[in-house]
Amino acid sequence: MVKLLIGHKGSGKTGQMVQMANEAIETCNGSIVFINKNTRLNTELSRKIRVVCMEDFEHITNIDEYIGFLYGIISSDHDIETIFIDSILKHADVSLGDLPVFINRLKNISENYGLDFIVSVSAEKEEMIGVDFAGCDIIN
């Protein structure tokens, strides 16, 4: 399943995601991955969570490369239960116009590999034109 945290910058999405990830790692049987733009959250997240800093992967510059990157993460650990993606619009030049394709691809990956994605988007639902919210859970 793809779960979306949406709202404008400063609405508390990142803090909510950190809390959700820290709670999830205590009850899950597999792995949790948290993808963030930089390292600023490393001390807030449990050491049991695999934190990925996108600044370390500067050559990922579009959604195709980003999806390939996600496949690489998934193939390296078949026990992943949830991948958190914080502030997707700050990663790999992803724009609001890319979201319909990106979210559909996440839904397919989620279904094929049996894992969840929790993605924060700095936008309101009305701004996410063309996104098919069927099969998504909006959690805020």
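Author: Welcome! Contact, in what follows, means heavy atoms within 4.5 Å of each other. This is a predicted model, in which local features need pLDDT of at least 70 and side-chain atom pairs count only at pLDDT 80 or more, while totals for chains, interfaces and linings use all residues. Residues are numbered from 1 along each chain as its sequence is written, and side-chain values use heavy atoms, with hydrogens and water left out.

Reader: How do I read a helix, and what span should the 14 residues of α2 have?

Author: Helices (H or I, at least four residues) and strands (E, at least two) are DSSP runs, numbered from the N terminus. The expected span of a helix is 1.5 Å times one less than its number of residues. Helix α2 covers residues 63-76 and should span 20 Å, which agrees with the 20 Å between its end C-alpha atoms. At the start of α2, a side-chain oxygen of N62 comes to within 3.0 Å of the backbone nitrogen of D64.

Reader: Which residues of α2 are buried?

Author: Buried means under 20% relative accessible area, exposed over 50%, and partly exposed in between (1.4 Å probe, protein chains only). In α2 the buried residues are I63, Y66, I67, F69, L70, I73 and I74. Viewed down the axis of α2, they fall within an arc of 155° (taken from the directions from the helix axis to the C-beta atoms), so they line one face of the helix. An α-helix has 3.6 residues a turn, so residues three or four places apart point the same way.

Reader: What covers the buried residues of α2?

Author: Their cover includes strands β2 (31-36), β3, β4 (80-85) and β5 (116-121), along with helix α3 (99-113). A residue of β3 (residues 50-53) to look at is R50. With a relative accessible area of 39%, R50 is partly exposed. Leaving aside neighbours within four places in sequence, R50 is in contact with I32, V33, F34, I73 and S76.

Reader: And what do the buried residues of α3 pack against?

Author: They pack against β1 (2-6), α2, β4, β5 and β6 (136-138). Among the buried residues of α3 are L99, F102, L106 and I109. I103, also in α3, counts as buried because its relative accessibility is 2%. Beyond its neighbours within four places in sequence, I103 is in contact with V2, L4, M128, V131 and C136. Just after α3, G114 takes a positive phi of about 65°.

Reader: How is a pocket found, and what volume does the largest pocket have?

Author: Rolling a probe the size of a water molecule over the atoms shows where empty space is left. On a 1 Å grid over the protein atoms alone, a pocket is an open set of points where a 1.4 Å probe fits, with protein on both sides within 12 Å along at least five of seven lines; lining residues have an atom within 4 Å of a point. Points are joined across faces, edges and corners, and the volume is the space filled by probe spheres set on them. Here the largest pocket has a volume of about 220 Å³. Of its 15 lining residues, T14, R40, D86, S87 and K90 are the closest to its centre. Helix α1 (residues 13-27) gives the largest share of the lining, three residues.

Methods: A polar contact is a pair of N or O atoms within 3.5 Å; within protein, one must be able to donate a hydrogen and the other to accept it, and residues adjacent in sequence count only if both atoms are side-chain atoms.
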